[in-house]
Amino acid sequence: MKKAIWIGWCWLCGVVWGVQAMNTDGREVVNLNREWTYQRGDHPGAERTDYDDSAWEHIGLPHSFSIPYFMWKDFYTGYGWYRRTVVLDKRDLRREIFLEFDGVFQVAEVYMNGRLAGTHEGGYTGFNVRLTPYVKEGKNNIAVRVNNLWRGDVAPRGGEHVFSGGIYRNVRLVKKPSVHIDWYGTFVTTPTLAAHKGRSSSVRVQTDVRNMADEGGPYELRVQVLDENRRVVAERKALRRVEAQSLAHFDLTTDEIEGVALWHPSHPHLYSVVCSLYKGRKLVDSEEVTFGFRWFEWTADKGFFLNGKHFFFRGANVHQDHAGWGDAVTEEAMRRDVRMMKEVGFDMIRGSHYPHAPAFSDACDREGMLFWSEVSFWGTAGPKVDGGWTASAYPVKEQDIEGFERNVLRQLEEMIRIHRNHPSVFVWSMCNEPFFTDGKTIPGVKSLLKKMVDTAHRLDPPRKAAVGGAQRPLGKDRIDGIGDVAGYNGDGVR
């Protein structure tokens, strides 16, 4: 096995970038935050490889349409284009090539060498785009067309927060073998921890392996559980056939691990799972996932319990925005925000009011901060007029309903898939104040919330599903009983 690690640091933006090659043809991850060109507005033909962008602005990511944030009375609404070149060699062309985005607000069209490779609708969840059919040896041109225009079928439809457009979170170029562990394809749980009252637990590792080759074969998945000192405390392996052009699901559970160190805001102990995929004796792909041993209990009469003990948490809402940068916040800035909340005495953060970046959840894990992770389904007071930022939380036009519900449910699934292994995440929240909607759409709001709760239960049974901002409406239309947990904002109405 051949390993290579290269790391760099940008003093200006505080971003660390690097490459780690697992083996000769294995996984390689390249941070693409540097060396982009950008131009505000829509520019027909900017996806072409021969397009002249020499007069465009040279920028790094994260980036916002509204930088510098404090210079604008109103934020810009419209289009922006991003372009960058990557160089690929013959070895790269034997692999699957993906672009991974942690967040683009809010509609992204991704082009590779002039051809549309993929799209994504929704500004707060990550996504990946397969570039393999469009790449070539040598220089390859990436172009991303972004817009933050109001859409009746994309959440959120309204809210008092600034919706600046842009590629405002990290981007990575990921090269994988044709048979590989899927994007955020590993789910780690501790199924016996609560029953054994924290004294011991098994570890269940569910991993999706994707075969994009034209032939199948037997593959072995080896799982190792590592403690904080990188000692192997449990392991398991399974061999199964992975058919061509298919997705195979591995489900392994280790023996009981005695004397586990529990994750808690006062002592946030973290463990790791290393998943290694083999074809015979050859390591094909590998991925490491961080997790923690902890369990939750919610009760209606006695409150919240963490690791079997009553826990009265003190929380704060935290948005992704900084003076001058808007929402184009670096990972170190996210870590600083979490540290500041910890230093002033908080031990819980509500991610208001949308899914945050993976780096934010990671900071909560490491600092010992419970994290309420929320989907971007919300509304706010004001005229319920389509096209405005106080528009109805739920569509008023019949033609928008199906697309809107599909978009909300997809964002929920993406949030859970991306953040499900973080021990700090203690609940999934479906919304914030969706009652700020056209009155006749309340039945639609309630129906969608029920679908969301069912989806969260299906995707992540151990965690509860919350309805955030559920203090209204009252009477027969109330929404606070739809989920397992209800959050009431402090506006005096119950």
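Visitor: Hi! What counts as a helix or a strand here?
Guide: Helices (H or I, at least four residues) and strands (E, at least two) are DSSP runs, numbered from the N terminus. For a helix, the expected span is 1.5 Å times one less than its number of residues.

Visitor: And what sort of model is this?
Guide: This is a predicted model, in which local features need pLDDT of at least 70 and side-chain atom pairs count only at pLDDT 80 or more, while totals for chains, interfaces and linings use all residues. Residues are numbered from 1 along each chain as its sequence is written, and side-chain values use heavy atoms, with hydrogens and water left out.

Visitor: Which residues of H1 are buried?
Guide: Ala333, Met334, Asp337 and Val338 are the buried ones. Buried means under 20% relative accessible area, exposed means over 50%, and partly exposed is in between (1.4 Å probe, protein chains only).

Visitor: Why are those four on the same side of H1?
Guide: Because they cover an arc of only 140° around the axis, they sit on the same side of H1. The arc is that of the directions from the helix axis to the C-beta atoms. As a general rule, an α-helix has 3.6 residues a turn, so residues three or four places apart point the same way.

Visitor: What covers them?
Guide: The cover includes strand E26 (348–351) and helix H2 (358–367).

Visitor: What follows H1?
Guide: Glycine 345 does, and its phi is positive, near 110°.

Visitor: New topic: how many cavities are there of 30 Å³ or more?
Guide: The count comes to 2. A cavity is a set of points on a 1 Å grid over the protein atoms alone where a 1.4 Å probe fits but cannot get out, and lining residues have an atom within 4 Å of a point. Grid points are joined across faces, edges and corners, and a volume is the space filled by probe spheres set on the points.

Visitor: What's the volume of the largest cavity, and which residues line it?
Guide: Its volume is about 50 Å³. The lining includes Pro62, Tyr168, Glu331, Met334 and Pro358, with H1 and H2 each supplying at least two residues.

Visitor: And the second largest cavity, what lines that?
Guide: His319, Gln320, Val329, Met334, Asp337, His356 and Phe360 line the second largest cavity, whose volume is about 30 Å³. Met334 is also in the lining of the largest cavity.

Visitor: You mentioned Pro62. Where is that proline found?
Guide: Proline 62 is in the loop between strand E5 (57–59) and strand E6 (79–88). A cis peptide bond joins leucine 61 to proline 62, with omega about 5°. The bond from arginine 472 to proline 473 is cis as well, with omega near -10°. Proline 473 lies in the loop between strand E29 (464–467) and strand E30 (485–486).

Visitor: Which residue other than glycine has a positive phi near 50°?
Guide: That is asparagine 113, in the loop between strand E8 (107–112) and strand E9 (115–121).

Visitor: Is asparagine 113 buried or exposed?
Guide: Buried, because its relative accessibility is 16%. Arginine 230 also has a positive phi without being a glycine, about 65°. Arginine 230 is partly exposed, with a relative accessible area of 47%.

Visitor: Back to helices. What do the buried residues of H4 pack against?
Guide: They pack against helix H3 (398–419) and E29. Among those buried residues are Ile442, Leu448, Met452 and Ala456. The 18 residues of H4 (residues 442–459) should span 26 Å, and its end C-alpha atoms are 26 Å apart, which agrees.

Visitor: Last one: where is valine 289, and what does valine 289 touch?
Guide: Valine 289 is in strand E21 (residues 282–291), and at 9% relative accessibility it counts as buried. Not counting residues up to four places away in sequence, valine 289 touches Thr186, Val188, Tyr271, Ser272, Val273 and Asn421; contact means heavy atoms within 4.5 Å.

Terms used. On a 1 Å grid over the protein atoms alone, a cavity is a set of points where a 1.4 Å probe fits but cannot get out, and a pocket is an open set with protein on both sides within 12 Å along at least five of seven lines; lining residues have an atom within 4 Å of a point.
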